[in-house]
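Please look over the model shown here before reading on.

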Amino acid sequence: MNGYDHDDGSNVLKMLGYYSMIGLLRVHCLLGDYCTGLKFLSPIDISEQGVYTTVIGSCISTIYHYGFANFMMHRYADAIHQFNRILLYMLKYKEYHQKSPQYDLLLKKNEQMYALLAICLSLCPQNNLTDENVSIELKGRYGTKMTKMLRCDGEKYYDELFSFACPKFIAASPSVFYNQDAHRLQLKLFLDEVKQQQLLLGVRSFLKLFSVITIGKLAQHMGWNETSLRAILMAYTHKTHAVDNDGNIISSADFDFYIDEDTIHATESKSIKHHNDYFLTHILKFEEVIGELAELQVY
């Protein structure tokens, strides 16, 4: 559904229904009911151009709430893909919206999505899903914090970035301090997930280091017994898989492993490097530099 198809006559009701689905996504994100919010948006194909993209404020807000809902449902790869897409657009065309009355909103959402992207890449390292220019901007903003977040002592940075980037949650049953209560609840759920993910960081490091290793040897390296290690490996498999909107199980891991008797076999998925994009980007940069130098010579 793209919102353009309508019979002869006015399309007001269809547009009202179209934007109502986007509004319901936002409301359910504020309530913390992310699954229902994504179900309401399912008739709209976010990956294609539609009515919501004709207004930049609507486009940014839709992608932000769609990405945040996927992020809270542990679909980190989907969230990274959407944040990268809209942040790359903002890098290219942000200056064209400076006179827009929505410009301040665009800048705020832009910064919030960089913070969410930093969290996603810390919990699910997938650098091949981000554009080079977006990665450079991200490292300039949160490079140091991301390095610390990948270690076990980075919980305060997760707290800081989440509190900055999350929407202003509301409660279904309002009370005097309902915003703070709703925020604390969502923050607690997120930090609980972070603690579970940090327990698996050592497993990921060793599996990326060894392509073949026995369970006994890996347990010895990590200081665990074999029974606990098997449980941790099952937990790692669970944490790196999620169910998408169609009910399919998808993996967000950057490598795969399987256990044959008592031996672990790990294979790292190789990312496809698009060298043409790299060279085209730098050719354009050099052309801009040459143009600026030519103007200086004229003066």
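The questions and answers below concern a predicted model.

Q: Which element gives the most residues to the largest nonpolar core?
A: The largest nonpolar core holds 60 residues, and Phe68, Phe71, Ile119, Phe162 and Phe190 touch the most other members. The elements that give two or more residues to this core include α1 (12-31), α3 (56-72), α5 (103-123) and α8 (178-198). With 11 residues, the element that gives the most to this core is α5.

Q: How are the rings of Phe162 and Phe190 arranged as a pair?
A: Phe162 and Phe190 are both buried, and Phe162 is among the residues that Phe190 touches, when residues up to four places away in sequence are not counted. Because Phe162 lies in helix α7 and Phe190 in helix α8, the pair ties together parts that are 28 residues apart in sequence. Their ring centres are 4.6 Å apart and their planes are at 10 degrees, which is under the 30 degrees limit, so the pair is stacked.

Q: Which residue has its charged end over the ring of Tyr64?
A: Tyr64 is buried, as is Phe68, and because the two are four residues apart in helix α3, about one helical turn separates them. Tyr64 also belongs to one aromatic cluster whose members include Phe68, Phe71, Phe162 and Phe190. The charged end that sits over the ring of Tyr64, 3.9 Å from its centre, is that of Lys109.

Definitions and conventions. Residues are numbered from 1 along each chain as its sequence is written. This is a predicted model: local features need pLDDT of at least 70, side-chain atom pairs count only at pLDDT 80 or more; totals for chains, interfaces and linings use all residues. Side-chain values use heavy atoms; hydrogens and water are left out. A nonpolar core is a set of buried Ala, Val, Leu, Ile, Met, Phe, Trp, Tyr and Cys residues joined through side-chain atoms within 4.5 Å. Buried means under 20% relative accessible area, exposed over 50%, partly exposed in between (1.4 Å probe, protein chains only). Contact means heavy atoms within 4.5 Å. Rings of Phe, Tyr and Trp (its six-membered ring) pair if their centres lie within 6.5 Å; planes under 30 degrees apart count as stacked, over 60 as edge-to-face and the rest as tilted. A charge sits over a ring if NZ of Lys or CZ of Arg is within 6 Å of the ring centre and within 35 degrees of the ring normal.
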